[in-house]
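Here are a few notes to read alongside the model. Take them one at a time, and keep the 3D view open as you go.

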Amino acid sequence: MANRLNCRVVLPGESISNFISGLVSDNFKTVLGPGLQRHSDEIVVTKCGILKYKKPNLVWVESHEKRYVPVRGEYVIGIITTKGSEVVRADIGAGDSAVLSLLSFEGATKRNKPNLQVGDLVYARVLVASKDMEPELVCVNSHGKSGELGVLPSSGFLFTVPLNLVRKILCPSCPLLKTLGERIPYEITAGANGRVWINANTIQNTLLVYNAISFAEHMTPEEVNIMCSEILHGNQEATLVTMLK
Amino acid sequence: MLSDNKENETQSIRTLSAELSNLSRPDGSAIVAQGDTVVQSAVYGPVEVRPNKELPDKAYFDIVYKPLTGLPGCPEKLRERVIRNTLEATLLVNLHPRKSINLILQEMQNDGGLLACCINSACMALMDAGLAMKCLVAALNAVITTEGDVLLDPSLKQEEEAKACFTFAFESINHEVITSNTQGSYSETEFKKCLEICRSASMKVFDFYRECVQRRFSKEIDR
């Protein structure tokens, strides 16, 4: 953990200029992430949460949120709300609904467009995210390939979790999804907007994955590890006890 | 003996307690108790705005105050307006143009200092929702009794008997006044005295905010 630091709890209005000048050397320009703003030569916190630092020069505030604010480049799960001939609109849980062009799918042409229905789920990437404009989604990467993006199969189960939980389970150091996969076959798609889609072979397994994810919210990394090892050993009772703790 | 006791009483505020995120549906919620005064608040936002309320450069900040019984009348609408103006000064509304931030306040129990408790509860709900703010805000209530003494954070009975009643809201950076709401007649020195007593007590409220947030994030911070 040498290059990542969970520093301390900060509240809006706090100045952290002194703190940053102790961390970031003068050779670098400090990059301010979410929850921080610069006022003339002071750096002020605007959200309450944990101040985090990544070497060499990245500082941000990790906070608890439930409402998504679009950010360019993030992967989200949208629900199609209206259908047009050129574009569809998708609800991504933000203040505005997002626009998704039917031509921004792999291999789509004017004559050959994907057939989307209202209520379909799409896993897409945010292309335009500006506070003054409505967000725009795409289902292709810069090479015109879909990669993992596109319409999600209708057989899965979608649920909404707080945004910090999605960040937690998607963090490479979190063993939860991997351990679950060693025990039960399932598919998962987690959007940065707090929507998680899972698809397992049976209802029991779907619920197990759902419970494991939702209980991970209030667990420390160590507790997640304990839960994972219990899931791995198939000890259902112990798993339940850990979850309910 | 009596005066000693009284001196002590005037300087302290009633016990503060709060629970963050106690409701599951809103984006942020908090229930705050100041002694026996309890206010529940919930925040939704930034969400879509009604076209007639849309502002091109900032978010529309809407507050609904729900009294314990009956429909909101003029005093409730006034209180709503005071809370709205206080909190809009601290929120970074310009980050979400053409959106709306909705705050709902439900009075649960009133034992004096309701306006102050509303502002504190609303501030905690906004903190809980993770909305960007310039600073935090702490509100305090004080009265001047018929004998001319200053009484900090009075009960409803003491508030009703008082000569004058003050509610001040302070910001967390320089502890300057954001809102001053007064009722009754008082002299300039009395006003200043109340203001200073409330200002020094506001530190306790800010400490309480920090303690709440620290407890909330206790599982994520490296030990």
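1. A disulfide here is a pair of cysteine sulfur atoms within 2.5 Å. This structure, which is a predicted model, holds zero disulfides over all chains. C171(A) is in no disulfide, and its nearest cysteine sulfur, that of C174(A), is 6.9 Å away. C228(A) is in no disulfide either, with the sulfur of C174(A) as the nearest one at 6.5 Å.

2. A word on the ground rules. Residues are numbered from 1 along each chain as its sequence is written, and chains are lettered from A and ligands numbered from 1 in the order in which they are written.

3. Now the salt bridges (a side-chain nitrogen of Lys or Arg within 4 Å of a carboxyl oxygen of Asp or Glu). Over all chains there are 22. One of them joins K110(A) and E86(A), at 3.9 Å from N to O. K110(A) lies in the loop between strand 9 (98-101) and strand 10 (121-128) of chain A and E86(A) in the loop between strand 7 (75-83) and strand 8 (87-91), so the pair ties together parts 24 residues apart in sequence. Helices (H or I, at least four residues) and strands (E, at least two) are DSSP runs, numbered from the N terminus.

4. In chain B, look at R216(B) and D128(B), whose closest N and O atoms are 2.7 Å apart in a salt bridge. R216(B) lies in helix 5 (residues 188-216) and D128(B) in helix 3 (residues 114-128), so this pair ties together parts that are 88 residues apart in sequence. Buried means under 20% relative accessible area, exposed over 50%, and partly exposed in between (1.4 Å probe, protein chains only). R216(B) is partly exposed at 26%, whereas D128(B) is buried at 3%.

5. Where does D153(B) sit? Find the loop between strand 7 (150-152) and helix 4 (156-161) of chain B. D153(B) counts as buried because its relative accessibility is 7%. Leaving aside neighbours within four places in sequence, its contacts (heavy atoms within 4.5 Å) are I13(B), R14(B), Q34(B), N141(B) and A142(B). A polar atom of the D153(B) side chain lies 3.0 Å from the backbone nitrogen of R14(B).

Methods:
Predicted model: local features only at pLDDT ≥ 70, side-chain atom pairs only at ≥ 80, totals over all residues. Heavy atoms only, no water. Polar contact = N/O pair within 3.5 Å; in protein donor to acceptor, adjacent residues only side chain to side chain.
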